[in-house]
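Dear colleague,

Please find the structure below, handed over for your records. My notes on salt bridges, surface patches and selected residues follow it.

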Amino acid sequence: MLTKIKTNKLTPIQAITDGLRTMLKEREEVIVLGEDVGVNGGVFRATDGLQEEFGESRVFDTPLSEAGIIGTSIGMAMNGMLPVAEIQFLGFIYPAYEQIMTHATRMRYRTKGRFTVPMVIRAPYGAGVRAPEIHSDSMEALFTHMPGIKVVCPSNPYDAKGLLISAIEDPDPVLFLEPLKLYRAFRDEVPEEKYKVELGKGKLIQEGEDVTIIAWGAMIPVAMQAAKQAEEKGITCDVIDLRTLYPIDKDIIAKSMQKTGRTVIVHEAPATGGLGNDIISIINDTSFLYMKSPIERVTGADVHVPFWALEEHNIPTPARVMDAIHKVIDF
Amino acid sequence: MERNMEEEFPVIQIIDKEGRYVDGTYKNEISQELVQRFYRQLVCMRTFDQKAINLQRQGRLGTYPGFEGQEAAQVGSALALEEDDWMFPTYRDHAASITFGRSYNILSSWNGRIEGNLPPEGKNIVPPSVPIATQLPLATGVAMANKYKGSNQAVIVYFGDGATSEGDFHEGLNFASVYQAPVVFFNQNNRYAISVPVWKQMNSETIAQKSLAYDIPGRRIDGNDVLAVYFETKKALEQARNGGGPTLIEAVTWRYGAHTTADDPTKYRNQKEENEKHRQNDPILRLELFMKAYGYWDENWKDRIKDEIKKEIDNAVKGLESMPPPDINDIYDYMFEKPTWTIEQQKQEYINHWRGEMKC
């Protein structure tokens with residue numbers, strides 16, 4: 001007998017708040033900290049109402065200090081807490097990079113598990129909202145390259161809550177990237193109860209036969225629009241939402257690639273050293289003989305995110321993805 | 001009017017260079033047992049340090065950072081801790097670490113062995129932070145968690161004079177001050193960060209005065225007076241435990257030797273002249289003079305402990321040199337609680353290759 005699960009129609013950012021609330025309620029080791037996350041509820045309102053509900057000892061403002069936020073969160077995690085630290089924008093995380101590289105990702109390794117760091121770093125990322133300089137970075141590959149941290153990037157409300165809960169319960173550090181362009185872009189049904197979306201698993205969000213499009217975060221709507229345009233021309237696409245950027249779900253990529261033989265990878269970040277290259281490696285390792293064409297990447301150039309008057313020129317668009325689809329089809 | 005920070009933060013002593021009381025506040029707490037414990041540990045640590053340097057010279061140990069001259073600062077502060085307190089030492093703080101419960105096998109880290117990073121089960125001794133000052137925010141975080149949990153544990157974090165120039169120094173102290181975290185910031189001002197003297201490191205007269213910026217207590221103590229170190233650290237720890245927040249302690253001391261065995265201090269200071277001067281202020285000599293002046297000295301006891309210590313250190317070296325070979329699984333198995341598929345695959349590929357090579 002099916003029991004109806006109670007759901008609410010939430011935006012991605014409301015789903016994140018819901019995920020935080022769920023875990024704050026469930027485990028008293030969970031604390032939420034960062035700049036402006038308390039009374040203000042976060043600059044994007046991701047922590048709206050949480051301080052009021054759970055008190056200042058659970059949800060608190062920190063000094064304006066990214067290395068301090070991450071450094072103290074590491075210490076708290078080593079000492080039995082489950083901190084969820086907010087970095088206001090991914091582009092502001094660099095002062096904390098040392099703490100993440102030196103301690104968060106290394107503590108278990110250099111103590112054979114005597115000290116561990118079960119913490120989550122939440123950070124809005126990505127361009128396309130006409131933000132000032134540095135507010136639009138999407139340097140996920142700086143972290144997927146870093147040993148010892150999982151990197152997660154949801155594209156929709158259901159995954160946002162489920163992945164966030166998995167991240168908080170994960171025994172190791174997790175970087176949780178939130179596509180800020182999608183924060184309020186749409187609503188979807190989100191179960192009220194606690195549920196998890198497993199880390200390390202992508203999702204096939206559209207099925208087709210001819211081309212595999214692989215994307216994540218804010219590039220999912222771009223990939224879906226391109227897939228729709230392709231369909232109008234008789235080309236059908238598998239669209240994979242990667243969801244976790246480290247470790248990558250290689251099976252879902254291989255399975256789809258071995259069906260279509262053609263792949264287009266879409267990401268905002270610069271091409272060189274970008275995650276697209278790791279996906280190409282996975283295809284190379286798992287599906288070389290299935291390839292019907294070279295793999296195409298649609299990415300940002302090897303430049304910083306331009307001042308916003310020009311940013312649209314550097315963000316992959318459905319039209320650019322369509323060009324890539326034609327290239328792999330026409331090869 | 002210009003403020004004189006050396007006057008505002010006078011160097012706190014309990015006994016002077018000649019081993020005479022200058023402050024009798026703790027007289028009633030100073031017993032034969034206590035001073036013998038201090039003395040034994042100071043001598044033991046100096047013997048250990050000298051042994052380690054000899055081992056390095058003989059090619060039996062990798063690069064090693066000696067701490068001779070800083071024994072009182074490390075031993076005195078470590079003995080002030082309660083068993084379940086937390087310690088964040090630096091790489092030069094083997095005396096503090098061993099005094100607080102690490103085994104002599106800490107040395108194996110200089111032979112590239114991870115075992116040298118591991119405290120005994122249940123001891124909260126974090127392995128040294130290699131990048132300078134990065135451990136300060138961590139220590140503050142541990143202390144914040146203690147406060148959140150209502151635990152009675154305090155935290156001590158060690159760092160040198162060079163560390164005060166890093167941003168993490170400020171961030172660690174500022175967070176501790178804002179959240180009134182139970183942590184003691186224990187600075188050993190040995191006057192040199194490798195070759196750079198403290199007067200080039202900062203334009204402040206003292207390190208202790210930096211506490212003013214955070215509105216927390218700051219103490220400047222004679223780091224070669226083990227009694228002053230012990231009682232001042234104890235006081236700061238008690239204050240932290242009782243909700244009084246953090247303290248910044250500057251223990252003024254001197255390292256006789258090189259930064260590490262790979263360093264040559266004659267390039268940046270007159271070693272002979274400086275050390276002749278500083279030997280007059282030696283922490284072990286001072287305690288010995290004190291024990292002799294106040295009837296705590298026993299020549300037979302001294303001979304006995306010297307023999308004991310020699311045996312202990314010799315055994316430690318035997319232990320170091322009879323370690324089983326390192327476990328290749330350690331490369332892969334501790335990145336995550338459960339290795340990711342990439343690590344699993346890389347491990348299998350390498351181990352297959354390695355086994356194949358061994359067969360050749």
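Being four residues apart in helix H12 (residues 299-321) of chain B, B:Asp314 and B:Lys310 are separated by about one helical turn. Helices here are DSSP runs of H or I with at least four residues, strands are runs of E with at least two, and both are numbered from the N terminus. The side chains of B:Asp314 and B:Lys310 meet in a salt bridge at 2.9 Å, N to O. By salt bridge I mean a side-chain nitrogen of Lys or Arg within 4 Å of a carboxyl oxygen of Asp or Glu. B:Asp314 is partly exposed, with a relative accessible area of 25%. Buried stands for under 20% relative accessible area, exposed for over 50%, and partly exposed for values in between (1.4 Å probe, protein chains only).

Please note that this is a predicted model, in which local features need pLDDT of at least 70 and side-chain atom pairs count only at pLDDT 80 or more, while totals for chains, interfaces and linings use all residues. Residues are numbered from 1 along each chain as its sequence is written, chains are lettered from A and ligands numbered from 1 in the order in which they are written, and side-chain values use heavy atoms, with hydrogens and water left out.

Salt bridges

Over all chains, a search of the whole structure finds 41 salt bridges. One of them joins the side chains of A:Arg122 and A:Glu86 at 2.8 Å, N to O. This pair links distant parts of the chain, with A:Arg122 in strand S5 (residues 120-125) of chain A and A:Glu86 in strand S4 (residues 82-86) of chain A, 36 residues apart. Both A:Arg122 and A:Glu86 are buried.

A salt bridge is also formed by the side chains of A:Glu296 and A:Lys327, at 3.8 Å, N to O. A:Glu296 lies in strand S14 (residues 296-300) of chain A and A:Lys327 in helix H11 (residues 318-330) of chain A, so the pair ties together parts that are 31 residues apart in sequence. A:Glu296 is buried at a relative accessible area of 18%, whereas A:Lys327 counts as exposed at 52%.

In chain B, a network of salt bridges links B:Arg46, B:Glu68, B:Glu71, B:Arg279 and B:Asp282.

Surface patch

A:Tyr94, A:Ile134 and A:Leu142 make a nonpolar surface patch of about 230 Å². Patches consist of residues with over 30% relative accessible area and no salt bridge; like charges are joined within 9 Å, and nonpolar side chains (Val, Leu, Ile, Met, Phe, Trp, Tyr) within 5 Å. Accessible areas come from the Shrake-Rupley method with a 1.4 Å probe, and for residues only the protein chains shown count as cover. A:Ile134, found in the loop between S5 and helix H6 (141-144) of chain A, is partly exposed, with a relative accessible area of 45%.

Buried positions in chain B

B:Arg255 lies in the loop between strand S9 (247-252) and helix H10 (271-279) of chain B, and at 1% relative accessibility this residue counts as buried. B:Arg255 and B:Asn190 are 65 residues apart in sequence, yet 5.8 Å apart in space, C-alpha to C-alpha.

B:Val184, in strand S5 (residues 183-189) of chain B, counts as buried at 0% relative accessibility. The C-alpha atoms of B:Val184 and B:Ala145 are separated by 15 Å, with the two residues 39 apart along the chain.

Yours sincerely
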